[in-house]
Amino acid sequence: ARAVPVVAIDGPSASGKGTVGSMVAKALGWHHLDSGSLYRLTALTALRDGVDLDDEIGVAALAAALPARFDGDRVLLGDEDVSDEIRDEAVSVGASRVAVLPAVRAALFGRQRDYRCGPGLVAEGRDIGSTIFPDAPVKVFLTASPEARAQRRYKQLKEKGLPANMESLMQDLRERDARDAARAVAPLQQQPDAVLLDTTSMDVDAAVAFVLDLVRDRGLAAG
Ligand code: CDP
Ligand code: CDP
C-alpha cells in the first residue's frame, strides 16, 4: 500500500507556516499538525508546574504525558483552551529552550508520527522534512526576510490589541533563529529535497496556491 502522503512545511519563526499549513490542510481536506504547539504546550506545562526549563528529564516526562488536543485551530490541554496562552512571550521563549533538549524531542517524536493518517497530513515545524517525516513526498522550506517576519508578528499582536515593539520582536526573532539553527539535534535547515518558498513579498493566498500546486504536480490530490 502507498504510504499516507505528507506535506512537510519547515521554516523559521513567523514565516507563515501555521497560517499556510492550516489553509492547505483545509483545501485538501487533510489532517493538520502544528508541531510547534507541542513544544509550546510542553513549555507552558513546565512553567505552570514549576519544572526548571533546563531539567531535561523532568521536562521530557511532561512532554511524554501532555494531554494535548487539537480542535480545529484551537489548542487544548485536557479541556482547557490554551490557544492564546501558548503564544505568550514567556511560552515562546520557553518553547525554543525546551526544543534543544534531545529527550524532549524524543518524547514528542512518536506523538507527531501518529498524526499521519488518511487521506493525508499537512505538518509544519522545524524538523518535519528532516526527522519526523523524511519520506514526505512534498517538502517546503518556507521563509521570509527577518524584517518581513518581525513585521508580521507586530501586525498579529496589534490586531489582538496586545503590546508590540518592533525592536524587541526583531531581537527575539534573531535569538530564536540562532537557537533553532545552531542546536545539535534536529536543527532548522533546508533539506536538499525541499522546495524553497520565500514569501518576503508574497501574500498568504499566493503561498497557499504555490503549495497546493506542488501537491497536485506530485499527483497527490485532484484538481
Ligand atoms: O510560531 P513560531 O514559528 O514562532 O514557533 P512554533 O513553530 O510555534 O515553535 C515554537 C518553538 O518550538 C520554536 O522556536 C522551535 O524552537 C521549536 N520547534 C522545534 O524545535 N521543532 C519543531 N518541529 C517545531 C517547533
Ligand atoms: O507559524 P509561523 O510562526 O511560521 O507564522 P504564522 O503565525 O502562521 O504567520 C505569521 C503572520 O504572517 C500571520 O498573521 C499571517 O497572516 C502573515 N503572513 C503570512 O503568513 N504569509 C505571508 N505570505 C504574508 C503574511
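**Overall fold and the setting of Ser15**

Buried residues account for 47% of the 223 residues in the protein. The model is a predicted one. Its secondary structure consists of 9 helices and 8 strands. The radius of gyration is 17 Å, close to the 17 Å given by the globule rule for 223 residues, so the protein is as compact as a globular protein of that length. The C-alpha trace spans about 50 × 40 × 35 Å along its principal axes.

Contacts were then examined by sequence separation. Of those between residues at least 6 apart in sequence, 74% join residues at least 24 apart.

The surface and the charges were also computed. The protein exposes about 10,500 Å². Carbon and sulfur atoms supply 53% of that area. There are 27 positive and 33 negative charges.

One loop residue was examined in detail. Ser15 sits in the loop between strand S1 (6-10) and helix H1 (17-28). Its relative accessible area is 2%. The cut-off for burial is under 20%, so Ser15 counts as buried. Setting aside residues up to four places away in sequence, Ser15 touches Leu142, Thr143, Ala144, Arg149, Arg152 and Thr199.

Key: Residues numbered from 1 in each chain as written. Chains lettered and ligands numbered in written order. Predicted model: local features only at pLDDT ≥ 70, side-chain atom pairs only at ≥ 80, totals over all residues. Heavy atoms only, no water. Helix = DSSP H or I, 4+ residues; strand = E, 2+ residues; numbered from the N terminus. Rg over C-alpha atoms; globule rule 2.2 N^0.38 Å. Buried < 20%, exposed > 50% of the residue type's maximum accessible area, 1.4 Å probe, protein only. Contact = heavy atoms within 4.5 Å. Areas by Shrake-Rupley, 256 points an atom, 1.4 Å probe, with all protein chains shown as cover. Lys, Arg positive; Asp, Glu negative; His and termini not counted. Charge placed at Lys NZ, Arg CZ, Asp CG, Glu CD.
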